[in-house]
Amino acid sequence: MNQKNLLGLDHCFKDLDDPIELFKIWFSEAEKKEINDHNALSLATSDKQGNPSVRMVLLKGLNSKGFIFYTNLDSPKSIDLKENPKAAMCFHWKGLLRQIRIFGKISLVDNKEADKYFDTRSIGSKIGAWASKQSSAMSNRSEILKKINDFEKKFNEKKILRPHNWSGWCLTPS
């Protein structure tokens, strides 16, 4: 009996050699078991001086290139990624008693892919992408509410296109 089966891990690892295929299986299990946001992950970046930063984001895509999330390109995380295009992700699925750590190089998704995803978002999320200066301090709550209201008027019954400063990042695992 191999070590994996001796520890009872054969059920967990499914004897797969492809970590991406195993991730897809576990991700599907997490979708059924986790109460909230099975696609939540901690994203670790560092700036050009090497100072680390970590925050929560949502996985919005997985393809042959890697793991995709979307954000404001003027945010601190995007600035870090532009200066140092390496990152790490950690998924923690308490209901499955598992975590997955992923690290690698990161790059912007192409405009066509970002547009396609943006089109799937709710109207409120699209307006939010226009109104929010992500991670910037506001003087008061009414400031963001006014911006939301202004963009709702601007886009009233018009197609809401993706802002130029909003796109996706793809982490290609090492």
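1. The second largest pocket is lined by 13 residues, and P19, I20, I100, R101 and I102 lie nearest its centre. Its volume is about 230 Å³. A pocket here is an open set of points on a 1 Å grid over the protein atoms alone, where a 1.4 Å probe fits, with protein on both sides within 12 Å along at least five of seven lines; lining residues have an atom within 4 Å of a point. Volume is the space filled by probe spheres set on the points, which are joined across faces, edges and corners.

2. This is a predicted model: local features need pLDDT of at least 70, side-chain atom pairs count only at pLDDT 80 or more, and totals for chains, interfaces and linings use all residues. Residues are numbered from 1 along each chain as its sequence is written, and side-chain values use heavy atoms, with hydrogens and water left out.

3. The most, five residues, come from α3. Helices (H or I, at least four residues) and strands (E, at least two) are DSSP runs, numbered from the N terminus. By class, this lining has 11 nonpolar residues, one polar and one charged. Ala, Val, Leu, Ile, Met, Phe, Trp, Tyr, Cys and Pro count as nonpolar, Asp, Glu, Lys and Arg as charged, and the others, Gly among them, as polar.

4. The largest pocket has a volume of about 380 Å³. It has 18 lining residues, and Y70, T71, R121, Q134 and W166 are the closest to its centre. Strand β4 supplies the largest share of this lining, four residues. The lining divides into eight nonpolar, seven polar and three charged residues.

5. The whole structure holds 12 aromatic pairs. Rings of Phe, Tyr and Trp (its six-membered ring) pair if their centres lie within 6.5 Å; planes under 30 degrees apart are stacked, over 60 edge-to-face and the rest tilted. F67 and F91 form a tilted pair, 6.5 Å centre to centre with 50° between the planes. This pair joins strand β4 (residues 67–72) to strand β5 (residues 86–93), its members being 24 residues apart. Both F67 and F91 are buried, meaning under 20% relative accessible area with a 1.4 Å probe and protein chains only (exposed is over 50%, partly exposed in between).

6. Y117 and W166 are stacked, at 6.2 Å centre to centre and 10° between the planes. Y117 lies in helix α5 (residues 111–120) and W166 in strand β7 (residues 166–173), 49 residues apart. Y117 is buried at 16% relative accessible area, and W166 is buried at 5%.
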